[in-house]
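Please look over the sequence and the structure shown below, and then read the report that follows.

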Amino acid sequence: MTKTVLSVDDSASVRQMVKLTLSGAGYQVVEAGNGAEGLAKAKSTAVDMIVTDLNMPVMDGISMIREVRKLPNCKGVPIILLTTESDSEKKAEARGAGATGWITKPFQQEQLLAVVKKVIGG
Amino acid sequence: MSVDPADMFRQEAQELLEVLEQNLLDLGLTPDDQDLIGSAFRALHTIKGSGAMFGFDRVAAFTHHVETAFDQVRKGKVAPSPALIQVALAAKDHMRMLIEQPEQANDAAGDAILKDLQQVVDGVEAPAETAPAPSAEIKPEGLVTWRLRFRLAKDSMAMGTNPLLLLDELRELGQATVTALTDEIPSIEEIDPNCCYLAWDVKLTTDRPQSAIEEVFMFVIDDMEFDLQRIDATPVETTAIAAPGTVQPVEEVAHAAPAGLQKRREPPSAKTAAGSIRVPAERLDELMDRVGELVIAQARLRQVAASSHDGQVKSVAEEVERLVLELRDTTMGIRMLPIGSLFGRFRRLVHDLSSELGKSVELVTIGEETELDKTVVERLNDPLVHLIRNSIDHGLELPEVRLQAGKAAQGRVVLTARHAGAQVLISITDDGRGLDRDRIRARAEENGLIVPGTKLTDNELFQVLFQPGFSTAREVTSISGRGVGMDVVKRTIESLRGTIDMTSRPGGGTEVTLRLPLTLAIIDGLLIRVGSGRYVIPLSAVEECVELSPEEDARSRGRSFLNIRDELVPFLRLRELFNATTAVDPYPKVVIVSSGDLRVGLVVDQVIGDHQTVIKSLSRLHADVGTFSGATILGDGTVALILDVANLVEFGQVREEKLKAAS
């Protein structure tokens, strides 16, 4: 069964990279440009995993995670953060909000794929 | 169809830079606008993050500093002064240059901007560092066994962690034995299906570094109980096992052992604290003694019950017997220590020896988790040290010699421990030159240890190495070859009721195998009668019991050989050995016992049955009696002597040789 990954990032290039990487490995990728869009997509789509940025306009990543975790269909859905070194202290906060793990930017495509595989399996 | 992400980044960066410029200019008018600051920071953040990802390393490195400065602004530590905005605008122009015309961008100009920026922020010159230093990788060092206990946070499954995938990842690292610990699973009414109640105990043998194991848990490690121990890595100076005063139960040893490794923060939960306690070793010895006495008392009870007609007494006696056996097993279990705690000490020894002797040596340990009675573990230290020294000093060649012989320059010593029934086999294997049969033989003949011209198997010949005063090393080195040692090794092993064997291939190395009983205090024995006396044979040494028919007895008279399934086995008439004077049983039994590869039949009058044997050592006066290794007290209060099987087998074999030589 094809697994669906929701990619939430305000940077189109990052979303593009996520999409290229994951669709190449057989995952379906749904995109959202900020936390609010991400939340809406998480509500309307059955996603297996969410990859999200932290710093985003409209709704930031942590607020989105908090809201997503309240959704009945998103209990236990892995949420991976894309963080940079500079917001590493946010990791703890994000964990408290319900994040599963993180990838430190900049990352290579293989890293992203490895983490996705690690969290939801091939 | 897909777009080249690099092009996409250029376009996106352009937009972001415009946003940044707008934000900066607006900030000049309304310096307190947090939204503007946040937006500017985000733009920088994205340019840095995406830039690094798409190969715009110069952009990322430069933007990193600008972002750092803006992070200070965002946190209110630095005010967005006109000076700062001025520098930031210059920085923005430089970033655009780096993205669009990188070949024209001047790094010196960039550095100057950063310097200005830094001065504005705090008046201190910018540090030269750009990217964070990569975390140090621990070098792999061959196969290492780890013991890992982990308990995920209760909400980890709700947080999207799949424990099964974690276990799969561990299995991918190497050979893993996974045990689920179910002690915290609540009753079914209380179970919340979203919670993770299990903990896992994993024994992992892998050649991957510690960091690889930790990496599996990278997302959850901060919120979980995580205890990773190298089972074979005990620091040399550790006296946890050797100290006569205290013995630490297994868990504690595992905790104390790898001092050299940084430990994950220990969750200070009451549960883990209560998981193991330290107990002085004497108390364990006392406990074992008491259990021993209890076993003896229970044997009496059994005897009383057997002769009683009271059904209640019988059933109580049976119940007590069962409980005593369980208590015995539990008590012996407490005394068990993994041999890895001992193996760990040899790393340092090997390291020191290899540098002293100029030989490169790799020590490989296998089966560190094999458990042995603590007394056995303690007393094994010296013999093993000696055997390892011998392997490295005599066995392994110098690197040049090894290379000439077509071997790897680095020698290898492998320490292996494994269970075999009620015994533990420990072997020390090296890939050195092997034993020199001719030299050993010459030396043994010279010393009068063997009669010249005797035919000997390898094992028989190598046994002379264990004779007192035997040494083939022409020069005594500081490490071995003083001619004391191997006989002491043999004696120690035998005092532990163990045996020692050697095999060797010329040029291929030597293997020394020690067979040791699991425990010393209480054994399963076979109770036999010879004449009017009763004796115990350790059950682990007994292979089978057969009847000695009168015909066979008559046939074998004077030859003392028995045909056991087409194999001639010498036998000893214990009646003769013990000068029994009672009437001969018309149907004597033969108990076939083995020691190492040798077998001997012991002719006894009666096989009484199995017996829980609490070993009492013999008095000093009798300590040197070779035939017996100890004594035990029977249910009726009489004493039975425990036969020393290794000694009897040797005795039987020697007699066989004599008879062979005589015939």
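## The five-stranded sheet

In this predicted model, chain B holds an open sheet of five strands with mixed pairing, in the order β21-β14-β15-β23-β22, where strands (E, at least two residues) and helices (H or I, at least four residues) are DSSP runs numbered from the N terminus. Because β21 (606-614) and β22 (628-633) of chain B stand at the edges with a single partner strand each, one side of each is left without a neighbour in the sheet. From one strand to the next the twist averages 35°.

Strand β14 (residues 522-530) of chain B pairs with β21(B) in the antiparallel sense over eight bridges, pairing being counted if DSSP finds at least two bridges between two strands; R529(B) stands opposite Q606(B) in β21(B). Helix α10 (residues 281-306) of chain B packs on the sheet, touching β14, β21 and β22 of chain B, and its direction makes about 145° with that of β21(B). Here axes are lines fitted to C-alpha atoms, for helices over the stretch in contact, with angles from 0 to 180 degrees between N-to-C directions, and contact requires C-beta atoms, placed from the backbone, to lie within 7 Å.

## The contact between the chains

The contact takes 31 residues from chain B and 29 residues from chain A. On the side of chain B that touches chain A, α2(B) gives the most, with eight residues.

## How to read the numbering

Residues are numbered from 1 along each chain as its sequence is written, while chains are lettered from A and ligands numbered from 1 in the order in which they are written. Local features need pLDDT of at least 70 and side-chain atom pairs count only at pLDDT 80 or more, whereas totals for chains, interfaces and linings use all residues.

How values were computed. Two residues are in contact if their C-beta atoms, placed from the backbone, lie within 7 Å.
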